[in-house]
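Here's a quick briefing to go with the structure below. Have a look at it, then read on.

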Amino acid sequence: MKKKVHILIADDHAMFAGGLKMILDAHDGISTCGIALNGTNVLEFLQTNHADIILMDINMPVLNGYETTRRVTKEFPDVHIIALSMISDKASMLRMLEAGARGYIFKNAGEEELLEAIQTVMQDGYYVSNGMQHVLQEFERSRKDIEKGYKRDTQQLLSRREIEILKLIIEGHTNTEIAEQLFLSNRTVDTHRKNILAKLELKNTAALVKYAVENKAFLGIDGAS
């Protein structure tokens, strides 16, 4: 890399962030300009400091990676974002790309892959972890459709009814209780539950509840308790 790349690390795990900083600073073409422990810290940092790339964790307190990416893309369009996360499902990767991230790699990626991602993004390209290229292809097809005028609501992964049912699932209600509250049949509720699992590529209700609680903003269920 000819140009010195200034990188901000956004991760609430201080030991991980510190280790990543040591790895990056060992390269002549890279300088880590700071560590932010949450999304709010990221936005505050960018008000008075420059960063070329943010390595963005997703599950952070105060302001998560999805919302932070969306705001940074809008308020600081010259800053490139690479999601760096343990979350490996297709839905999360698509949502980060749709929010404005130009890369998505897993935290167990090797140093060589991380450097490749940084170089690719600095050249205005997109980079995703090995084996996930099909997700990037889907995102690019969607982006082309939007450019052609086929509007897609990227903020609404789930339907209004599915979000309503998901909120009740998080609160611990059974299919029967949900059916009674929403004046639906048990079979209809069960169908919605299965559709939600399929859309999010999750295997069971336990995984669904865990995922939903961690990604309320992503799913549009911020009001869930």
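## Pocket, sheet and helices

The largest pocket holds about 210 Å³ of space, a volume being the space filled by probe spheres set on grid points joined across faces, edges and corners. A pocket here is an open set of points on a 1 Å grid over the protein atoms alone, where a 1.4 Å probe fits, with protein on both sides within 12 Å along at least five of seven lines. This is a predicted model, where local features need pLDDT of at least 70, side-chain atom pairs count only at pLDDT 80 or more, and totals for chains, interfaces and linings use all residues. Residues are numbered from 1 along each chain as its sequence is written, and side-chain values use heavy atoms, with hydrogens and water left out.

**The pocket lining**
- By class, the lining has five nonpolar, two polar and four charged residues; Met and Tyr count as nonpolar, Asp and Lys as charged.

**The sheet**
- Pairing takes at least two DSSP bridges, and strand 1 (residues 5-10) has four to strand 3 (residues 53-56).
- Alanine 10 has methionine 56 as its bridge partner in strand 3.

**Two packed helices**
- Helix 9 (residues 186-200) and helix 10 (residues 205-214), as DSSP H or I runs of at least four residues, pack at about 65 degrees with axes 11 Å apart.
- Those axes are lines fitted to C-alpha atoms over the stretch in contact, and angles run from 0 to 180 degrees between N-to-C directions.
- Contact (heavy atoms within 4.5 Å) involves residues including Leu197 of helix 9 and Leu208 of helix 10.

Conventions. On a 1 Å grid over the protein atoms alone, a cavity is a set of points where a 1.4 Å probe fits but cannot get out, and a pocket is an open set with protein on both sides within 12 Å along at least five of seven lines; lining residues have an atom within 4 Å of a point.
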